[in-house]
Amino acid sequence: MDFFVDRELPVPLRTQLHGLIEYGIACGELLPGEALPSVRELAEKVGVAPMTVSQVYADLKAAGLIDTRPGSGTFVGDSHQARLAARADATELHRQIDHLIDESRRLGIRSSDLVSLVNARAFYRDSIGPRLRIVMIGIFRDATASYARFIAARLGRDVTVEPLTVSSIERNPAAMARANSADLAITFANRHREVATLVPNTKVVTISFTPSEETRRALASLDSLASIAVVSRFPDFLPIMKSGVQRFAPHVSEITATTLEAAGLEALLANVSVVIYASGAESVTELLPAGMQAIEYRHAPDTADIERVIVPIIKAERVSSQGEENPKRNDIDAKV
């Protein structure tokens, strides 16, 4: 590791040197058992007083990060930070930390303020205790994010729900790792086999999805004289989508359904007054004349299925995680 201090920084040299070694241990640049320079060697290398190095080493030893062996020298200790840094899966965490630092600098947040924010958030998370990690695995990013928010709102603070798409899991190793380390994965019934293959280490369940309340209201408010074009990216989704439009807009009689790739799409759009497009077919809006009404046919998770399928799993996981620590509380939870 290259030891150095930057005298142009408004940070004391002792603080810089301490942070350099601690960060080196945390990020795997200094491994457990690795020898550190002697006090005199390091002082001469970075151009500080030996007393400064001695104080830094003393602080790091007190923190359990380094060990001093009489007659042998100073070595990186077998600390929790060092063991964490030596793990292969810590590399992605380091990348995320660096991204967080870069983003905070872009926003003008000082390093000390960022540390305070992280400490405050960590304290909050510790105060609410462990939470079940759920991933909502869908097809389209924005729609999947809305499903995750909906589910999280229904389940409350005991869980976190992260949105992931099938394509992101297939292409991104980090997304693959997060999906496979989750406690539970939720997806569509027709995607269960595909998702179960992608995340073999995670329990996968399916729930029903129904047209969202916003979609229903928008369809119900349409003028009865409107002429509608129903557009989907997937041909096999058209029948059920058109049926849903007819169900929630029964007063509209002129409804034509087509796919995003169909020939004559632009000609069709020129002769209707409203376009209803499925999630994933947003590009159709680029073909519309200015001012034409466009409604996304967005789904939402079925609340009854959330209660029937997901809630019992959460209760069972909570009881399991408590184990024998509080059998009385287990009995109470089992009755909820």
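## Confidence

In the chain, strand β11 (residues 274-278) has the highest confidence, with a mean pLDDT of 96, and helix α15 (residues 327-335) the lowest, with a mean of 39. Here pLDDT is the predictor's confidence in each residue, on a scale from 0 to 100. Helices (H or I, at least four residues) and strands (E, at least two) are DSSP runs, numbered from the N terminus. The pLDDT stays below 50 over residues 324-336, and this stretch has eight contacts in the model beyond near neighbours in sequence; a contact means heavy atoms within 4.5 Å. Where pLDDT is low, the predicted coordinates should not be read in detail. The chain average is 85, and 87% of the residues score at least 70.

This is a predicted model, in which local features need pLDDT of at least 70 and side-chain atom pairs count only at pLDDT 80 or more, while totals for chains, interfaces and linings use all residues. Residues are numbered from 1 along each chain as its sequence is written, and side-chain values use heavy atoms, with hydrogens and water left out.

Four strands form an open sheet in the order β10-β9-β11-β12, with parallel pairing; two strands pair if DSSP finds at least two bridges between them. The edges are β10 (254-259) and β12 (293-297), each of which has a single partner strand, so one side of each is left without a neighbour in the sheet. From one strand to the next, the twist averages 20°. Axes are lines fitted to C-alpha atoms, for helices over the stretch in contact, and angles run from 0 to 180 degrees between N-to-C directions.

Strands β11 and β12 run parallel and are joined by five bridges. Ile276 stands opposite Ile295 in β12. Helix α12 (residues 238-248) lies across β9 (227-232), β10, β11 and β12, and runs at about 145° to β9.

## Asp305

Asp305 belongs to helix α14 (residues 303-322). With a relative accessible area of 9%, Asp305 is buried; buried means under 20% relative accessible area, exposed over 50%, and partly exposed in between (1.4 Å probe, protein chains only).

The side chains of Asp305 and Arg308 make a polar contact at 3.1 Å. A polar contact is a pair of N or O atoms within 3.5 Å; within protein, one must be able to donate a hydrogen and the other to accept it, and residues adjacent in sequence count only if both atoms are side-chain atoms. Leaving out residues up to four places away in sequence, Asp305 touches Ile207, Ser208 and Ile310.

## Salt bridges

The whole structure contains 11 salt bridges, each a side-chain nitrogen of Lys or Arg within 4 Å of a carboxyl oxygen of Asp or Glu. One of them links Glu103 to Arg106, with the closest N and O atoms 2.5 Å apart. These two residues are three apart in helix α5 (residues 90-106), which separates them by about one helical turn. Glu103 is partly exposed at 28%, and Arg106 is exposed at 59%.

Arg110 and Asp113 form another salt bridge, at 3.1 Å from N to O. Arg110 is exposed at 55%, whereas Asp113 is partly exposed at 31%. The salt bridge between Arg298 and Glu296 spans 2.9 Å from N to O. Arg298 is buried at 18%, and Glu296 is buried at 18% as well.
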